[in-house]
Amino acid sequence: MVMSLQICPSYMACIWVLMIMMMMRRVPSIVSAEGPPPPGYYPSSRFDAITFDQGFRNLWGPQHQVVDQGTLTIWLDSSSGSGFKSLQRYKSGYFSAAVKLQPGYTAGVNTCFYLSNNEDYPGNHDEVDIEFLGTTPDKPYTLQTNVYITGSGDGNIIGREMKFHLWFDPTEDFHNYAILWTPNEIIFLVDDVPIRKYPRKGDATFPMRPMWVYGSIWDASSWATENGKYKANYQYQPFVGKYTNFKIGGCTADSSASCQPPSASPSRSGGLSHQQKATMEWVQRNYMVYYYCSDPSRDRTLTPEC
């Protein structure tokens with residue numbers, strides 16, 4: 001690069017000008033990294049919102065749960081947390097809720113929305129998780145996605161975690177988080193942006209039995225924040241999670257064999273479109289912070305799908 005003496009009359013001035021120009025060149029990439037490119041298709045638009053009472057009921061901690069003007073609030077304090085459960089079991093479907101998290105010190109707190117059949121198969125259950133792992137004020141929330149199959153979440157736990165930081169502050173407003181589960185794949189979405197696809201590679205590594213839909217807030221101090229380094233501090237109680245805009249669409253456990261699961265893409269055959277895949281890959285490049293298949297400390301024989 002040649003610079004005229006009018007721009008930089010000395011060697012040091014040229015160096016400074018060059019550094020400023022390089023910084024300015026980087027600005028567009030920083031700005032473009034703030035949010036993902038549009039996925040081009042929005043599965044949530046295919047489902048109508050339901051009220052809490054239309055789709056769910058309290059499961060535990062009723063004194064720490066209230067519905068007001070269409071928003072469910074659950075909270076954790078030193079006496080209890082709270083949880084809720086769907087009215088029906090499902091063998092496939094689209095399950096979502098808009099969630100708003102608490103700012104400030106929330107280390108050790110797990111606010112979640114998930115599928116499970118733990119009550120039907122205790123000690124040998126399946127589970128599909130969206131979990132918001134609390135944090136300290138100087139660090140972002142971690143969104144953890146996870147899949148457990150036939151008891152891998154019981155006893156000697158074998159998780160299949162993929163963790164993310166988000167491209168927005170989840171404490172400032174409600175955002176939609178969804179699980180789309182079909183017989184062939186599980187897709188996790190944030191505001192209709194696919195962030196993870198977990199394909200069925202074999203019956204032994206994919207949940208096939210009907211599950212309920214759950215949500216809860218609870219103390220997971222032993223592992224949730226930096227592997228248990230920071231614990232829930234009840235000086236900051238109550239810890240609050242807010243849920244609204246619930247959507248459920250799919251096949252209940254009692255549905256006929258002709259019931260077709262929903263699709264995450266315009267194609268009824270399932271999968272993701274090319275644009276959705278590109279968006280998901282962008283999110284994983286820029287915001288994924290952990291992937292179990294890339295963890296050298298994990299025993300790969302326990303996760304053959306890797």
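**Notes on side-chain pairs and the sheet**

With nitrogen-to-oxygen pairs counted up to a cut-off of 4 Å, the total comes to eight salt bridges. Please keep in mind that this is a predicted model.

1. Let me start with Glu 119 and Lys 85, whose side chains form a salt bridge with an N to O distance of 2.9 Å. Glu 119 belongs to the loop between strand 6 (109-116) and strand 7 (127-133), while Lys 85 is in strand 4 (residues 82-86), so this contact ties together parts 34 residues apart in sequence.

2. Asp 120 sits in the loop between strand 6 and strand 7, and Arg 89 in the loop between strand 4 and strand 5 (90-100), so the pair joins parts that are 31 residues apart in sequence. Asp 120 is partly exposed, with a relative accessible area of 33%, and Arg 89 is likewise partly exposed, at 28%.

3. A further salt bridge connects Glu 226 with Lys 139, at 2.6 Å from N to O. This one links distant parts of the chain, 87 residues apart: Glu 226 is in the loop between strand 13 (212-219) and strand 14 (239-252), and Lys 139 is in the loop between strand 7 and strand 8 (142-148). Relative accessibility is 36% for Glu 226, which makes it partly exposed; Lys 139, at 34%, is partly exposed too.

4. Turning to the rings, I would point you to the 19 aromatic pairs in the structure. Among them is the stacked pair of Phe 47 and Tyr 94, with 4.6 Å between centres and 5° between the planes. Phe 47 lies in the loop between helix 1 (11-32) and helix 2 (52-55) and Tyr 94 in strand 5, so their contact ties together parts 47 residues apart in sequence. Phe 47 is buried at 12% relative accessibility, and Tyr 94 is buried at 3%.

5. Trp 167 and Phe 168 give an edge-to-face pair, with 5.6 Å from centre to centre and 90° between the planes. Both of these residues are buried. Elsewhere, ring pairs join Phe 52, Phe 56, Phe 84, Tyr 243 and Phe 246 into a cluster.

6. Do have a look at the charges placed over rings. Arg 209 has its charged end over the ring of Tyr 121, 4.0 Å from the ring centre. Lys 163 lies over the face of Tyr 290, at 5.2 Å from the centre of that ring.

7. Finally, the sheet: eight strands make an open, antiparallel sheet in the order 1-4-13-6-7-8-9-15. Its edges are strand 1 (56-60) and strand 15 (288-291), each of which pairs on one side only. From one strand to the next, the twist averages 20°.

8. Within this sheet, strand 8 and strand 9 (residues 162-164) run antiparallel and are joined by three bridges.

Notes
Residues numbered from 1 in each chain as written. Predicted model: local features only at pLDDT ≥ 70, side-chain atom pairs only at ≥ 80, totals over all residues. Heavy atoms only, no water. Helix = DSSP H or I, 4+ residues; strand = E, 2+ residues; numbered from the N terminus. Buried < 20%, exposed > 50% of the residue type's maximum accessible area, 1.4 Å probe, protein only. Phe/Tyr/Trp six-rings, centres within 6.5 Å; stacked < 30°, edge-to-face > 60°. Lys NZ or Arg CZ within 6 Å of the ring centre and 35° of its normal. Pairing = 2+ DSSP bridges. Axes fitted to C-alpha atoms, helices over the stretch in contact; angles between N-to-C directions.
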